[in-house]
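Thanks for taking a look at this one with me. Here are a few notes to keep beside you as you browse.

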Amino acid sequence: MTTDPLVIFTPSGKRGHFPVGTPVLTAARKLGVDLDSVCGGRGICSKCQITPSYGEFAKHGVTVADDAISPKNAVEDRYDEKRGLKPGRRLGCQATIQSDVVIDVPAESQVHRQVIRKSAAQRDIVMDPATSVHYVKVAEPDMHDPSGDFERLQDALRNELGMDRVMVDLPILRKLQPALRKGEWGVTVTLYQDHTGAPARILDIAPGFDERPIYGLAIDLGSTTVAAHLCDLKTGEVIASSGLMNPQIRFGEDLMSRVSYAMMNKGGDQEMTIAVRDAISDLAREIATEADIPTDRIMETVFVCNPVMHHLLLGIDPVELGQAPFALATGDSLSLGATDLNLTGMNDSARVYILPCIAGHVGADCAAVALSEQPDQSDDLVLIVDVGTNAEILLGDKTGVLACSSPTGPAFEGAQISSGQRAAPGAIERIEIDPVTKEPRFRVIGCDEWSDHPDFASLTAQTGVTGICGSGIIEAVAEMRTAGLLDPTGLIGNAEQTGTPRCEAEGRTNVYVIHDDTANGGPRITVTQGDIRAIQLAKSALYAGARLLMDEKGVETVDRIVLAGAFGAHISVKHALILGMIPDAPLDKVTSAGNAAGTGARIALCSKTARKQIETTVRQITKVETAIEPKFQEHFVNANAIPHATDGFPHLTQVVTLPDASFNTQGQTGGRRRRRG
Ligand code: FES
């Protein structure tokens with residue numbers, strides 16, 4: 001039986017016996033305890049802090065004596081003097097074991113700390129970034145045993161970090177000799193080592209111990225907006241977030257119009273490539289300024305995007321994506337240098353990782369949603385819908401996942417809607433229509449009160465009531481249907497048919513007036529027949545895509561539905577079901593995941609393991625091409641009715657009664673009878 005002292009680490013519970021005099025860091029490493037070290041145990045970085053616990057530990061069966069750990073040494077005293085150690089804290093590389101002891105590793109000393117917590121059913125993400133910094137000591141040159149400085153740096157990296165092969169680009173190699181001499185043969189290297197087994201790459205070299213943090217950007221490059229999170233690559237913490245409109249909008253609102261711009265204008269693809277790269281560089285600079293960090297501390301960027309944005313970012317003509325068979329130049333994940341993409345606003349050596357695309361119409365953004373929501377790990381059958389200008393749809397469970405995309409167009413984002421606007425202060429986002437009086441009440445972004453509140457006018461004096469945003473138009477159409485102003489085919493009734501003067505004739509069709517402020521020089525906000533048609537087209541495309549995947553899976557219902565995308569967070573589930581955007585499901589089984597693609601990008605930025613996982617998952621996803629499926633057209637036509645021509649909505653009818661109206665015969669007052677269903 002060993003007489004060596006027993007060491008127990010908390011919170012991991014790992015334990016083992018070590019000879020007297022063993023540094024705590026050494027014991028931790030031997031036991032696989034997650035204890036950080038950047039300087040390799042030289043007492044410089046202070047990342048290895050631990051807290052020894054003293055006294056009786058009945059639970060562990062040990063008594064820890066006051067002198068179980070060596071007294072503070074000169075290195076710790078100096079550190080404490082200069083930087084301060086919290087009470088009870090010790091440097092794990094300096095403190096040695098003297099007798100049985102219980103040692104706590106605080107969260108900030110853990111390398112693989114959890115950063116992105118998902119709901120209980122899903123795993124937590126732990127830090128495992130591709131880019132990290134290390135302080136190493138390099139042997140001094142010796143005339144009798146000649147070797148280059150870089151070769152000796154390689155030796156040090158091999159000995160200290162177990163790195164076999166290390167590459168360096170010329171601009172960084174130029175920094176090596178001055179850095180080594182200035183740092184007295186100690187340098188801090190920023191290393192990029194991904195999950196592919198490719199040689200590690202030195203991204204930067206600084207003299208001595210450089211404790212400045214390094215950062216990464218997680219970018220969701222959408223057709224309409226570009227959103228970025230700046231993350232600390234050590235902690236995973238989001239330091240700042242920012243976004244801007246995609247400047248490519250001037251070449252076409254939706255993806256296909258951008259592809260046709262490229263087809264019809266020589267050099268059009270290059271124009272769009274330059275526009276988006278410049279915007280990303282500006283965004284990087286802007287976010288660095290906001291976070292008050294130098295741009296050259298941004299060492300890595302992860303992109304998620306749809307296939308057309310993917311090709312345009314890479315400078316590849318997207319023409320093939322505009323025509324069958326929709327071939328991608330490559331669907332694989334990509335690891336590049338930021339300079340390959342002419343990106344600025346970050347370190348010249350920064351690396352870029354682009355998630356894999358699933359198919360010609362289903363991009364890396366959908367892969368990022370899959371990474372975040374993990375349908376492939378789900379026990380029950382989940383339908384995930386990412387609503388944007390293009391809807392990305394995933395359906396699956398542990399037995400397999402299917403994916404498709406569906407061209408919904410920009411109607412859900414308030415575009416192509418007569419009174420539509422982006423979600424901004426003054427936009428109507430919620431609306432209710434009284435089924436008896438047919439009078440509306442609504443709420444606008446920027447004001448918590450409804451429009452029938454006595455103070456509403458004064459509360460919205462600043463913003464005004466300016467238009468309807470995406471979630472507002474969905475509610476408006478659904479409420480019109482519930483209130484009997486709209487028949488199942490999507491026809492708006494006239495004043496006589498509906499019994500409200502708010503239904504006014506406009507040309508050959510009718511409009512519903514939500515808000516009329518023309519007397520005060522303000523806007524007149526209506527829902528027109530054209531608006532209804534645009535929403536019907538969008539929702540039919542979405543529903544038909546989901547239904548097509550359900551056919552492929554051989555199911556008639558799904559267990560739960562996740563609405564992804566920033567927009568998904570604002571959609572009222574009841575109204576989405578009344579409209580028939582999504583298949584029927586229990587209302588409490590329809591949830592919002594927020595910007596799941598952005599979360600997926602952050603996960604990939606923080607974790608090499610996650611990159612590997614999504615690359616495998618993407619290969620296993622079955623792609624369904626909506627454009628060539630005859631069934632899609634049939635589903636699309638049936639989904640045109642509100643909520644649907646043939647599919648039942650049993651869960652919806654438990655909570656909502658939809659009137660059975662028909663406004664098709666002019667002058668005939670139909671639509672007063674009501675039935676459930
Ligand atoms: S490992 Fe760097 S100070 Fe202990």
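The points below cover a sheet with its helices, and then a pair of helices.

1. This is a predicted model, where local features need pLDDT of at least 70 and side-chain atom pairs count only at pLDDT 80 or more, while totals for chains, interfaces and linings use all residues. Residues are numbered from 1 along each chain as its sequence is written, and side-chain values use heavy atoms, with hydrogens and water left out.

2. Please find the open sheet of four strands, ordered β10-β12-β13-β11 with mixed pairing. Helices (H or I, at least four residues) and strands (E, at least two) are DSSP runs, numbered from the N terminus, and two strands pair if DSSP finds at least two bridges between them. β10 (131-137) and β11 (166-168) are the edges, each with a single partner strand, so one side of each has no neighbour in the sheet.

3. Next, β11 pairs with β13 (residues 200-207) in the parallel sense, over three bridges. Methionine 167 is found opposite arginine 201 of β13. Helix α3 (residues 149-161) packs on the sheet and touches β10, β11, β12 (186-192) and β13; contact means heavy atoms within 4.5 Å.

4. Which residues of α12 and α16 make their contact? From α12 (residues 529-553) come Leu537, Ser540, Ala541, Ala544, Gly545, Arg547, Leu548 and Asp551, and α16 supplies Lys631, Phe632, His635 and Phe636.

How values were computed
Axes fitted to C-alpha atoms, helices over the stretch in contact; angles between N-to-C directions.
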